[in-house]
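Visitor: Before we begin, could you take me through this model term by term, setting each value against its definition?
Guide: Gladly; here is the model.

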Amino acid sequence: MDTLLNIKPWIHPWLKGAVADAPKHIENGAPFEVWKKKPGLALIIYAQLAREFGWQAYKSVFQIYEQTKPKLSSDQEKMDHWIITFSEVVGKNLIPLFKFWSFPVSQLTVNRLANLPIAEITDEIIQHAPGRYTI
């Protein structure tokens, strides 16, 4: 199994410390408000996405944003749009990953992605609390 720490060349040395801190964050219920205040911790989900789906997925998502120029006003709209767009690009329902990190996911997003297969992501972070990886 590829580990999160084997993402190259993107991983930065200070992110390794965040990976080491992630289990405690998860044990504390992975509060989203804490996640938002800790940049290293916050980057882990993006590293997980890069490891699972590669940088081309990011390029495709950013191209969609560039082409559509979505008008999103609330943080909830921005999060939902990101989750929907990334999920549709990779053809997998990524809600369990985002919920693992306690992202508030709207029912609209859950409904919109219901027909996509669940992304089966496993790494040392997910394995620390696999019961959190759910819709």
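Guide: The accessible surface of the protein comes to about 7500 Å², and 56% of that area belongs to carbon and sulfur atoms; such areas come from the Shrake-Rupley method with a 1.4 Å probe, and for residues only the protein chains shown count as cover. This is a predicted model, in which local features need pLDDT of at least 70 and side-chain atom pairs count only at pLDDT 80 or more, while totals for chains, interfaces and linings use all residues. Residues are numbered from 1 along each chain as its sequence is written, and side-chain values use heavy atoms, with hydrogens and water left out.

Visitor: What makes up the secondary structure of the protein?
Guide: There are seven helices and zero strands, where helices (H or I, at least four residues) and strands (E, at least two) are DSSP runs numbered from the N terminus. Read from that end, the elements run α-α-α-α-α-α-α.

Visitor: Why is Ser87 called buried?
Guide: Buried means under 20% relative accessible area, exposed over 50% and partly exposed in between (1.4 Å probe, protein chains only); Ser87 has a relative accessible area of 0% and is therefore buried. Ser87 is found in helix H4 (residues 75–90). Contact means heavy atoms within 4.5 Å, and, leaving aside neighbours within four places in sequence, Ser87 is in contact with Lys92, Asn93, Leu94, Leu113 and Leu116. Of the 135 residues of the protein, 40% count as buried.

Visitor: Why does His25 count as buried?
Guide: The relative accessibility of His25 is 6%, so His25 counts as buried. This residue of helix H1 (residues 13–27) touches Ala30, Pro31, Val34, Trp35, Leu41 and Trp101, if residues up to four places away in sequence are not counted.

Visitor: Where is Ile84 found, and why is Ile84 called buried?
Guide: Ile84 is found in helix H4, and its relative accessible area is 9%, so Ile84 is buried. The C-alpha atoms of Ile84 and Thr109 are separated by 6.6 Å, although the two lie 25 residues apart along the chain. Beyond its neighbours within four places in sequence, Ile84 is in contact with Thr109, Arg112 and Leu113. For the protein, 73% of the contacts with a separation of 6 or more come from residues 24 or more positions apart.

Visitor: What makes the pair of Arg112 and Glu88 a salt bridge?
Guide: A salt bridge is a side-chain nitrogen of Lys or Arg within 4 Å of a carboxyl oxygen of Asp or Glu; for Arg112 and Glu88 the closest N and O atoms are 3.2 Å apart, and the two form a salt bridge. This pair links distant parts of the chain, with Arg112 in helix H6 (residues 107–112) and Glu88 in helix H4, 24 residues apart. Glu88 has 40% relative accessibility and so counts as partly exposed.

Visitor: How many salt bridges does the rule give?
Guide: The count comes to five. Among them, Glu66 pairs with Lys69 at a closest N to O separation of 3.3 Å, and Glu66 counts as exposed because its relative accessibility is 54%. Glu52 forms another with Arg51, the closest N and O atoms being 2.5 Å apart.

Visitor: Why is Glu52 called partly exposed, and why does Arg51 count as buried?
Guide: Glu52 has a relative accessible area of 29% and is therefore partly exposed, whereas Arg51, at 16% relative accessibility, counts as buried.
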